[in-house]
Amino acid sequence: MKKNLVISSIVGSLLLFGAAQTQAQAIDETTEKQLVNICKALQSNSKMKLNRAVSKSGLNYRSISKGLVCNGMDPVTFALRNNAQKTAELFARKGNLDYQTLLAKL
């Protein structure tokens with residue numbers, strides 16, 4: 001599970017930070033750990049942990065929602081699949097995503 005979480009975070013961060021570059025480059029360990037912490041916070045169903053993880057990352061919810069992938073899923077779907085409705089709703093609201101549409105796709 002942790003291995004999948006790390007791999008998904010790496011892929012998401014490459015999409016997030018490498019979109020403007022023609023060649024994908026490896027991300028630094030600090031950024032990778034911050035993105036993994038965001039995925040873990042989403043899974044925890046704790047709004048406080050999620051807000052803390054996002055603020056420590058230095059990114060905002062919109063940029064995270066555009067590129068982060070947790071276990072092959074977007075952040076809101078990942079949270080919902082892990083029965084973390086509170087964090088899914090918070091992330092959708094702050095990331096300016098349509099929560100109902102994402103919920104209907106499940």
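The model is predicted, so to speak from the start: local features need pLDDT of at least 70, side-chain atom pairs count only at pLDDT 80 or more, and totals for chains, interfaces and linings use all residues. Residues are numbered from 1 along each chain as its sequence is written, and side-chain values use heavy atoms, with hydrogens and water left out.

**Overall picture**

Of its 106 residues, 40% count as buried, meaning under 20% relative accessible area, with exposed over 50% and partly exposed in between (1.4 Å probe, protein chains only). Among contacts with a separation of 6 or more, 64% join residues 24 or more positions apart; a contact means heavy atoms within 4.5 Å.

**The core**

The largest nonpolar core has 21 residues. Such a core is a set of buried Ala, Val, Leu, Ile, Met, Phe, Trp, Tyr and Cys residues joined through side-chain atoms within 4.5 Å. Helices 2, 3, 4, 5 and 6 each supply at least two of its residues, and helix 2 gives the most, with five. Ile38 is one of the residues with the most contacts inside the core. Beyond its neighbours within four places in sequence, Ile38 touches Leu50, Ala53, Val54, Ser57, Ile64 and Leu68.

In helix 3 (residues 47-57), Leu50, Ala53, Val54 and Ser57 are buried. They sit on the same side of the helix because they cover an arc of only 95° around the axis, taken from the directions from the helix axis to the C-beta atoms. On the other side, Met48, Ser55 and Lys56 are exposed. The buried set packs against helix 2 (29-44), helix 4 (61-67) and helix 6 (85-94). Just past the helix, Gly58 takes a positive phi of about 80°.

**One aromatic pair**

A search of the whole structure turns up one aromatic pair (ring centres within 6.5 Å; planes under 30 degrees apart are stacked, over 60 edge-to-face, the rest tilted; Trp counts by its six-membered ring).

Note on methods: Helix = DSSP H or I, 4+ residues; strand = E, 2+ residues; numbered from the N terminus.
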